[in-house]
Amino acid sequence: MSAQKKRNFKIEAFKHRVEVDPKYAEKTWKILEHAIHEIYNHNASGLSFEELYRNAYNMVLHKYGEKLYSGLVTTMTWHLKEIAKSIEAAQGGLFLEELNRKWGDHNKALQMIRDILMYMDRTFVPSNHKTPVHELGLNLWRDNIIHSHKIQTRLLDTLLDLIHRERKGEVINRGLMRNITKMLMDLGSSVYQEDFERPFLEVSASFYSGESQQFIECCDCGDYLKKAERRLNEEMERVSHYLDAKSEAKITSVVEKEMIANHMQRLVHMENSGLVNMLVDDKYEDLSRMYNLFRRVPEGFSTIRDVMTSHLRETGKQLVIDPDRLRDPVDFVQRLLDMKDKHDKIINVAFNNDKTFQNALNSSFEYFINLNNRSPEFISLYVDDKLRKGLKGVTEEDVEVVLDKVMMLFRYLQEKDVFEKYYKQHLAKRLLSGKTVSDDAERSMIVKLKTECGYQFTSKLEGMFTDMRTSQDTMQGFYASQYSEMGDGPTLAVQVLTTGSWPTQPSAPCNLPAEILSVCEKFRAYYLGTHTGRRLTWQTNMGTADIKATFGKGQKHELNVSTYQMCVLMLFNSADCSSYKEIEQATEIPASDLKRCLQSLACVKGKNVLRKEPMSKDIAEDDAFYFNDKFTSKFIKVKIGTVVAQKESEPEKHETRQRVEEDRKPQIEAAIVRIMKSRRVLDHNSIVTEVTTQLQSRFLPNPVVIKKRIESLIEREFLERDKADRKLYRYLA
């Protein structure tokens, strides 16, 4: 079967001209016009939309599109003018309802008209740059209804009045409001903005300006903020119910400006209820509200931060320079920690743990904690108190919490090397007196210091622990070697301390009792026999002793005393009475130490194993001392004059400060040499800046001291001044 030939079909125009009825356009338009009237009059059910569509289609096809379009405009305009009269005639509350109903009718009519004229909408309108039917209907509604002189003002006034009434607490028809504002939005964003939003924002600004003034005169800060927050929430809710979503930012900005920004300073400084009172009274809810409201306005954050910083600095300054507070170092530091905890909680709970406020808190603490140059000493004393007795029966986790808090204060110190000096002294006393609560806690503290400041900072502290361990082994070896010779003599426990690691001061040797001296000499011989090239110096000012004493009526007690006190008490084995001069001569204890020692033995109630004549609190050189036969105590073991860590006296403080200054010199010089070695040539100010940067983790070097150290290095030919520019230094390899 052969394939059929493909044929090409071609549709050609009629050979003869088709004559159109001259009255065709007019007749057809009349049909369509009648249909539009019927639609607007709610009689559309009897219309044949298919026939109407065909008529409109034919008019466009026969080039009568312009007539159709202009006829549509005229007919719709006439109807809208009639509708306008109906809306204008509506009284009172019926006005919006009538407008809303007519708007709904117009939209339905517009939909039907657009369906009928779909062909014109798709072909004639784009090619002739006309407005599409639906958009045309909206524009005509806008021009004839919304912008009608009688309707425009009345509509705006009605809407604003309803909003005002709602603000005053009345219930309004939100559904109707939503329909009207949506109508304005449908007519174009410019209609909504110009005919409603702009006047709405202006009226709102005026309303909130007046209301905020009224509130601020009669409310305290907390109440005012509650009202402002409620108003802000109401406006956001209003937007969600019947305004354009884009209006939210604008109306909230108005409320923020009128109720918060314009009254910020007055609110934070309000007497008896402002920010400072909230901080003092821990008003977390009010503080959180202030934070959330103020963060919405420019300068809001900085206003809260500045007032809080000022309050913190003032409060902290009063705390650290108050003479009454300085009497008790432990209480002083505890108050600092309580203050830090209090404000940490405020920032965490009320300020959303905001870094801005954390930084403000840290800078404030750093400022006032360094106003008192005894802060490093006091913090060390606080740790000493906790590690001696304050952490007994406390869990490991709680110990860590306390130590972490102390480390937080330590970070604020500018003179960390001063803290190290005191910490070393206090640690030495704890280790030597066996008064530390927990070795684990001690080591934990050292690990924290090491993490914070590096190995150099803690190497000597770790050396002290090593010495304590080594001393135990040494004593075991000593007693093992002397076992057969010891007999019933005194038992000796020696701690051998490495000179560089411990904060030992040169002490004048005192005369030990003969029984003790013989054992000491045996230990010296043993130790030097097992270690070559070492020297032993007895630090009698740092030792303790347990001695058994028998008082009147055969009462026996075990007295825990210092080495100096032991030397004094042993004199009374051979004499019932000794004068101050005799004791001083026999023991050769330094005068200041001897007086303190005799005070603790004779003047402390309940510990007075000696009797002094004449009886007084102070020790004089012509005093006489007697063994107190009548001493009684309900305890078998009696601790006498156990000196806990105390604040230094003025001379000791001065001496510690001098030692710190001396220790800083080589550190400053080492930093200068390190910097110059890498930079080769540098001017004076740059050296000062870089040295300060390098050393600030330990202390803040004084520029005057840096200058002196540079001079010293020049003298020792590490550096030289540039011959052309005297402010430049050169490194000499």
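This report describes aromatic ring pairs, and charges placed over rings, in a predicted model.

A search of the whole structure finds 26 aromatic pairs. One of them joins Phe196 and Phe200, whose ring centres are 5.2 Å apart; their planes meet at 15 degrees, so this pair counts as stacked. The cut-off for stacked is under 30 degrees between the planes. Phe196 and Phe200 both belong to helix α10 (residues 189–218), and because they are 4 residues apart there, about one helical turn separates them. Phe196 and Phe200 are both buried.

A tilted pair is formed by Phe478 and Tyr526: the ring centres are 5.7 Å apart and the planes are at 55 degrees.

The charged end of Arg313 sits over the ring of Tyr367, and that of Lys416 sits over the ring of Phe410. The table gives the distances.

| Charged residue | Ring | Charged end to ring centre |
|---|---|---|
| Arg313 | Tyr367 | 4.6 Å |
| Lys416 | Phe410 | 5.7 Å |

Note on methods:
Residues numbered from 1 in each chain as written. Predicted model: local features only at pLDDT ≥ 70, side-chain atom pairs only at ≥ 80, totals over all residues. Heavy atoms only, no water. Phe/Tyr/Trp six-rings, centres within 6.5 Å; stacked < 30°, edge-to-face > 60°. Helix = DSSP H or I, 4+ residues; strand = E, 2+ residues; numbered from the N terminus. Buried < 20%, exposed > 50% of the residue type's maximum accessible area, 1.4 Å probe, protein only. Lys NZ or Arg CZ within 6 Å of the ring centre and 35° of its normal.
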